Amino acid sequence: MKILEGIRVLDCSIAMAGPFAAQRMGDMGADVVKVEPTSGEWQRHASAGGATGNKINVSFLSLNRNKRSLAVDLKAPEGKALLIDMVKNADVFLQNYRPGVAERLGVDYATLSAINPRLIYVSMSGYGEDGPYRDYPGQDLLLQGMSGAMMSTGAAGTPPTAAGQYLVDAITAYTAFEGALAALFHRERTGEGQLVQINMLDAIATIQMQELSVYTVGNKPQARSAEPHAHSYIRAPYGVFATADGYITVAMASLARLGELFEDDFFAGLDDERDSWSKRDEIFARVKAHLLDRKSEDWLKEMRARDIWAGPVYGYEELINDPQIRHNGTFIEYDHPTEGRIKVPGFPIRFSRTPCEVERGAPLVGEHSREVMREAGLDDGAIEALIESGVVRQHA
């Protein structure tokens with residue numbers, strides 16, 4: 001038995017954050033029904049990175065494994081009635097509609113909790129469900145820019161650099177996942193369902209607990225250096241450095257050990273806690289110049305021998321083939337009925353008794369409509385009527 005086996009999740013979300021949160025629940029054994037329009041969820045038609053597929057594009061494929069698809073028109077009265085029937089026996093309802101849409105569709109928390117008081121209703125938004133930014137687009141890069149995080153990295157006078165992943169979406173997904181699990185735990189104790197609200201702005205702000213506390217409590221300004229230091233609140237050297245054949249990272253190294261490594265008297269007598277702040281640009285520039293002399297592998301070997309914190313800078317090819325990644329089983333492979341053999345990131349949480357697994361790949365549009373409606377209590381005649389009317393789509 002898996003940890004979330006027996007939990008029914010209605011995933012009415014789109015794009016990345018909501019589907020990713022629901023996928024995590026599916027990985028742990030929850031029965032996740034992806035409720036999508038008869039034309040298919042938006043992400044099916046907007047491939048990330050231009051990557052397509054045979055029937056399912058890579059972007060949708062990556063966020064929707066371990067789900068079944070019910071393709072239904074919720075604007076049709078019959079479609080809404082079907083969803084209401086499913087809510088009666090659901091445990092989690094997850095949506096990231098634009099503020100106000102749930103109310104217009106009649107699937108807001110007040111309506112659904114009256115039907116099922118045990119329901120955990122997870123509502124996700126960009127900036128919050130009210131307030132001056134209520135209707136602003138909740139897009140990852142826009143939230144990264146607002147978060148303040150970009151101004152902690154790079155060189156003064158240069159444009160801030162965005163993260164190399166959809167950082168805000170991912171953090172918001174994990175926050176929603178955490179909130180859903182906590183609410184389920186509360187329900188186990190009390191029998192009560194509840195509303196769980198998550199917004200992207202709060203998620204990316206609160207993940208910076210240390211940095212923002214340094215500013216608000218420690219009164220330390222967020223000041224970037226002339227050199228491209230990797231974080232305004234970390235002492236030198238701290239960043240990405242070019243070598244003779246690539247790049248490495250160096251983090252908060254002992255200045256005395258660097259002096260020994262480079263055979264450079266500049267570092268002699270420098271104090272790690274005092275001079276690594278006051279001479280941050282000088283130290284960074286000195287390290288940068290030295291590291292150009294040798295290859296990355298040589299430097300890493302020497303630094304690890306001296307207990308200097310350093311590491312490689314990978315591309316995806318190097319990451320996938322890294323021995324620790326292979327040892328951990330970070331990537332998994334499985335066969336998809338239309339996309340063939342799939343290799344993707346797997347499960348970040350490992351359970352000794354209830355391991356996650358891929359029971360089904362991302363579904364085709366409406367692939368499971370008939371079986372989901374049958375489980376909702378509809379007879380064959382009603383099911384066929386909804387399909388023939390176009391309110392519900394069943395994949396051929």
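Which residues in α1 meet which residues in α7? In this predicted model, the α1 side of the contact consists of A17, F20, A21, R24 and M25. These residues meet D169, A170, T172, A173, Y174, A176, F177 and A180 in α7. By class, the contact of α1 with α7 has 10 nonpolar, 1 polar and 2 charged residues. Helix α1 spans residues 17–27 and helix α7 spans residues 167–190; their axes come within 8 Å and cross at roughly 45°. An angle of this value makes α1 oblique to α7. The crossing in which α1 passes α7 is right-handed.

Of the 11 residues of α1, 11 are buried, so the helix is largely enclosed by the rest of the structure. Just after α1, G29 takes a positive phi of about 105°.

The chain as a whole has 396 residues, and buried residues make up 46% of them. Its secondary structure comes to 17 helices and 12 strands. Taken along the principal axes, the box filled by the C-alpha atoms of the chain is roughly 85 × 45 × 40 Å. Among contacts with a separation of 6 or more, 68% are accounted for by residues 24 or more positions apart.

The largest nonpolar core has 37 residues, and M25, V92 and V122 are those with the most contacts inside it. At least two residues of this core are supplied by each of α1, α2 (58–63), β4 (92–95), β5 (120–125), α7, β6 (194–199), β10 (331–336) and β11 (340–345). The largest share, 6 residues, comes from α7. With neighbours within four places in sequence left aside, M25 is in contact with L4, V9, A30, V32, V92, L94, F177 and A180. Another core, of 32 residues, lies apart from the largest one, and L10, M86, L105 and L119 are among its residues.

The crossing of α10 and α12 is left-handed. On the α10 side the contact is made by L255, L258 and F262, and on the α12 side by I283, V287, H290 and L291. By class, this contact has 6 nonpolar residues, 1 polar residue and no charged residues.

Towards the end of the numbering, L386 lies in helix α17, which covers residues 380–389. L386 has a relative accessible area of 10% and is therefore buried, the cut-off being under 20%. The C-alpha atoms of L386 and G79 are separated by 8.1 Å, although these residues are 307 residues apart along the chain. Leaving aside neighbours within four places in sequence, L386 is in contact with E78, M373, L378, V391 and V392.

Conventions
Residues are numbered from 1 along each chain as its sequence is written. This is a predicted model: local features need pLDDT of at least 70, side-chain atom pairs count only at pLDDT 80 or more; totals for chains, interfaces and linings use all residues. Side-chain values use heavy atoms; hydrogens and water are left out. Axes are lines fitted to C-alpha atoms, for helices over the stretch in contact, and angles run from 0 to 180 degrees between N-to-C directions. Helices (H or I, at least four residues) and strands (E, at least two) are DSSP runs, numbered from the N terminus. Angles under 35 degrees count as roughly parallel, over 145 as roughly antiparallel, 65 to 115 as roughly perpendicular and the rest as oblique. A crossing is left-handed if the near helix is turned anticlockwise from the far one by less than a right angle, and right-handed if clockwise. Contact means heavy atoms within 4.5 Å. Ala, Val, Leu, Ile, Met, Phe, Trp, Tyr, Cys and Pro count as nonpolar, Asp, Glu, Lys and Arg as charged, and the others, Gly among them, as polar. A nonpolar core is a set of buried Ala, Val, Leu, Ile, Met, Phe, Trp, Tyr and Cys residues joined through side-chain atoms within 4.5 Å. Buried means under 20% relative accessible area, exposed over 50%, partly exposed in between (1.4 Å probe, protein chains only).
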